[in-house]
Amino acid sequence: MTQERRADFILVVTTMLAAAGWIFSKQAIQGLPPFGFIGSRFVLASLFLLPFSYQALRKVSRGDLVRAMSVGCLLGSALLLWIYAISVSDTLGEGAFIMSLSMLFVPLVAWPLFKQRPPRMFWLSLPIAIAGLVLLSSASGWQQSASQIWFVLAAVMLAVHFNFNSRFAQRIPTLLLTSIQLFVTGVMGLVASLSFETWPEQISIDIWGWFAMSVLLATSLRYVMQTSGQKHTTAANAAIIMVLEPVWTVVLSMLWYGEQMPINKLLGCAMILCALLVYRGSARVMAKLPGG
């Protein structure tokens, strides 16, 4: 097996862990407050990654550290919106496909922020994605499914994070940057939990089991594997593979929760997946052209 194929395999497993993280999170917040869950999960995950990035942390400048922490605040905002959406949603698969739209929102957000016009293929992909969202919402109606709105807001915030992360944190080693951002996200979650939530007096062992799997498998191991996989494959190839996350999430949600997928939801998910493949696939083709 070549190094690139091994990297692709690692990224496929990464998407499975990411999808499993949706189930772990939904199960954990049955007994834990959502913001408190995110805060504890990400602080612990950052501490697990700290030994791998400690040497880089000692060398990073104060300015780069502040820059990384500010970008971490954007990630924290996105994930707090995401966990709230999960807490009020009964359809994880639908939410996963809406969240996957964040990559389509990236050029749309970059346009007003950095005066970068979206590529031509973006305008072809966007109407397909919008049509997919309309089909998803038609199953229960936007008024009866407020979680869809929260998932969209989380996806937009994730796109904002992606833009600033690419612009202002290029000089920081990837693993250190990940550790810092996870820590900042965790602190934000704990502050939000202390401000708005009440913790239960007793938490069952099985809830702590789901929490442990969220920390160790869906966060720490996932990000280490994702970093490892991305080192040995192209960015376009990695992006296309990561499209698998909502697909696995739908499968797991149907198996675990018996989530119903009527034809309009299936068509909506398929159109969103098609839009992402068109957009990301075109980037891969353009990179292979002369001068690309």
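Colleague: Which residues of α4 are buried?

Modeller: Buried means under 20% relative accessible area, exposed means over 50%, and partly exposed lies in between (1.4 Å probe, protein chains only). In α4 the buried residues are Leu92, Gly93, Glu94, Gly95, Ala96, Phe97, Ile98, Met99 and Ser100. Helix α4, residues 92-100, is mostly covered, with nine of its nine residues buried. The model is predicted: local features need pLDDT of at least 70, side-chain atom pairs count only at pLDDT 80 or more, and totals for chains, interfaces and linings use all residues. Residues are numbered from 1 along each chain as its sequence is written, and side-chain values use heavy atoms, with hydrogens and water left out.

Colleague: How many helices and strands does the chain have?

Modeller: Both are DSSP runs numbered from the N terminus: helices are H or I with at least four residues, strands are E with at least two. This chain has twelve helices and zero strands, and its pattern along the sequence reads α-α-α-α-α-α-α-α-α-α-α-α.

Colleague: What part of the chain counts as buried, and what is its accessible surface?

Modeller: Of the 292 residues, 50% count as buried. Accessible areas come from the Shrake-Rupley method with a 1.4 Å probe; for residues, only the protein chains shown count as cover. The chain has an accessible surface of about 14500 Å², and 67% of that belongs to carbon and sulfur atoms.

Colleague: At what angle do the axes of α1 and α11 cross?

Modeller: Axes are lines fitted to C-alpha atoms, for helices over the stretch in contact, and angles run from 0 to 180 degrees between N-to-C directions. Under 35 degrees counts as roughly parallel, over 145 as roughly antiparallel, 65 to 115 as roughly perpendicular, and the rest as oblique. The axes of α1 (residues 3-28) and α11 (residues 244-257) come within 8 Å and cross at roughly 45 degrees, so the two helices are oblique to each other. A crossing is left-handed if the near helix is turned anticlockwise from the far one by less than a right angle, and right-handed if clockwise; α1 passes α11 in a right-handed crossing.

Colleague: Which residues of α1 and α11 meet?

Modeller: Contact means heavy atoms within 4.5 Å. On the α1 side the residues include Val12, Met16, Trp22 and Ile23; on the α11 side they include Leu244, Trp248, Leu252 and Trp256. Ala, Val, Leu, Ile, Met, Phe, Trp, Tyr, Cys and Pro count as nonpolar, Asp, Glu, Lys and Arg as charged, and the others, Gly among them, as polar. The contact of α1 with α11 has twelve nonpolar, four polar and two charged residues.

Colleague: How do α1 and α9 cross?

Modeller: The axes of α1 and α9 (residues 205-231) come within 8 Å and cross at roughly 155 degrees. That makes α1 roughly antiparallel to α9. Their crossing is left-handed, and the contact holds 16 nonpolar, nine polar and one charged residues.

Colleague: Is Thr14 buried or exposed?

Modeller: Thr14, in α1, is buried, with a relative accessible area of 0%. Leaving aside neighbours within four places in sequence, Thr14 is in contact with Arg222, Met225, Gln226 and Met242.

Colleague: What does Leu81 touch?

Modeller: Leu81 is in α3, residues 62-87. Not counting residues up to four places away in sequence, Leu81 touches Trp150, Leu153, Ala154 and Met157. Leu81 and Leu153 are 72 residues apart in sequence, with 7.1 Å between their C-alpha atoms. Across the chain, residues 24 or more positions apart account for 90% of the contacts with a separation of 6 or more.
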